[in-house]
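Please look over the sequence and the model below before reading on. The explanation that follows takes up a sheet and then the surroundings of a single residue.

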Amino acid sequence: MKAKRFSRTRSAVKTGALALFVAALAFAATSQVLTHSHRNSGSELGDVVLTATQNFGITSTISDSSSVQNPASLLSGAPRYLWYTVHNPLLVPITVNALSIITPVANVGGCGASNLDISGTTFSGSLVVPAKVGATQGTASVARPISLKNLSASQDACKGVTFTFNYAGTATYIEVYNTSTAVASSLNPSVVGQSVTYTANVTGIVGSGQDPLPNGPTGTVTFKDGATTICSNVAVTVGATTSTASCTPAPAYSSPVSHAITATYTNSDGNFTGSNGALTQVVNLPTGCSGSYNSIVGNPSSPTINGTNGNDFVYAVGANYTINGGQGNDCIVVGDGANTITAGNGTNVIVAGNGKNTITAGNGTNRITVGNGSNSTITAGNGANTIVLGTGANNSVTLGNGANTITIQTAGNHNTITVGNGTNDVFLGGGTFNKFTGGKSGNTCHLPSLPASTYNDTLVNCTAVTP
């Protein structure tokens with residue numbers, strides 16, 4: 001909650017001029033009513049005067065009632081009430097806790113300020129003024145007693161006199177800002193088995209007439225995949241204007257379908273409104289997998305999976321799986337751990353995570369990728385194979401006769417690659433103590449720089465080149 005001073009010296013902010021009509025000593029009734037004007041540096045703006053530094057305006061009237069604003073003359077000895085009406089141009093409700101007339105009271109005639117009793121006009125309490133709605137300003141009023149003293153010697157002098165005085169006061173309010181929420185994906189589209197992180201960016205919005213943001217939104221974000229909650233009430237990291245929250249669903253996606261992701265922001269302190277963001281996450285099969293597949297999802301409690309001798313998509317997250325793909329064109333994705341994978345003759349795509357894997361593929365066009373583990377063994381028959389090794393060590397690749405492409409990621413070392421009689425391209429990545437043996441000459445070994453001895457690599461039947 002912030003306390004705001006909405007009045008200073010009101011000669012330039014809010015000045016109330018009251019024409020005080022008094023009867024003669026007989027206190028005869030008068031048909032005249034109170035008039036008032038409100039001016040700011042000579043500029044008339046109707047009943048409400050606002051400057052760049054004001055937070056709300058005040059108008060006033062004299063009434064003969066404390067419950068109804070019934071304009072009346074100010075008469076000696078007659079109970080009267082000064083009605084303060086607060087006009088709120090802000091976007092939020094305010095609570096006025098003090099209103100007063102700043103003394104001394106000045107007049108322009110012969111009736112002195114001592115003739116006016118304003119001792120009861122000070123208000124303290126809680127006057128709630130609603131927010132501005134569209135072009136209409138919220139208002140609220142409160143009545144305080146005021147009177148013209150019964151000083152017989154000055155009655156004639158006070159008749160028709162206009163007094164001028166300034167108002168002051170304070171109010172408290174809570175500034176409520178709107179927000180917008182946007183959702184981003186760390187990888188979109190992603191591939192089956194890949195980990196994806198969603199980030200919600202919640203930005204505070206300063207509306208017309210509002211103060212600058214004190215900070216970015218506070219609170220939590222809940223992420224959903226369709227109707228399913230994937231991360232609940234994630235606390236935001238508060239920034240200057242934008243706050244963030246992240247969600248990484250577990251496990252990774254196991255099928256190649258699209259997902260409707262939503263992020264719902266909820267505020268924790270009442271200073272910001274809630275908002276929502278959405279995106280569509282696309283999940284694809286690995287590169288090289290296409291067409292229709294029979295889908296098989298592994299169960300860690302039954303780690304042996306047998307294919308159908310057709311086109312199978314096998315997804316197995318965990319370790320120690322034994323997968324027999326059969327003789328179809330298979331797409332096989334496994335997680336981190338020690339897995340044994342066998343694929344038949346065909347166009348197979350095999351993606352393995354970090355760990356010690358044993359992978360065997362028949363004659364065909366195979367694409368085999370392993371993570372950053374070590375001591376994996378990859379064997380494939382005659383065909384055009386694409387093999388990608390991670391940054392681990394002591395992996396062994398044995399390929400038949402064919403045009404193969406083998407890539408070792410940067411820093412991968414102590415790997416052994418043996419190929420048959422074919423023309424192969426090998427990308428050694430800059431690791432050390434790798435060994436390549438070709439069945440015949442005509443192979444190309446790509447190195448970041450020459451000479452090959454820099455890396456302590458052993459190259460047999462392979463010409464070393466730089467990119």
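## A parallel sheet and a serine in a loop

In this predicted model, nine strands form an open sheet with parallel pairing, and their order is β21-β23-β25-β27-β29-β31-β33-β35-β37. The edges of this sheet are taken by β21 (304-306) and β37 (458-460), each of which has a single partner strand, so one side of each has no neighbour in the sheet. On average, and with direction ignored, neighbouring strands of the sheet are turned by 5° against each other.

Elsewhere in the chain, Ser65 is found in the loop that runs between β5 (57-63) and β6 (80-88).

The surroundings of Ser65 can be followed through its contacts. When residues up to four places away in sequence are not counted, Ser65 touches Tyr81 and Trp83. The side chain of Ser65 also reaches the backbone nitrogen of Ser67, at 3.0 Å. Finally, although Ser65 and Ala143 are 78 residues apart along the chain, their C-alpha atoms are separated by 8.5 Å.

Key. Residues numbered from 1 in each chain as written. Predicted model: local features only at pLDDT ≥ 70, side-chain atom pairs only at ≥ 80, totals over all residues. Heavy atoms only, no water. Helix = DSSP H or I, 4+ residues; strand = E, 2+ residues; numbered from the N terminus. Contact = heavy atoms within 4.5 Å. Polar contact = N/O pair within 3.5 Å; in protein donor to acceptor, adjacent residues only side chain to side chain. Pairing = 2+ DSSP bridges. Axes fitted to C-alpha atoms, helices over the stretch in contact; angles between N-to-C directions.
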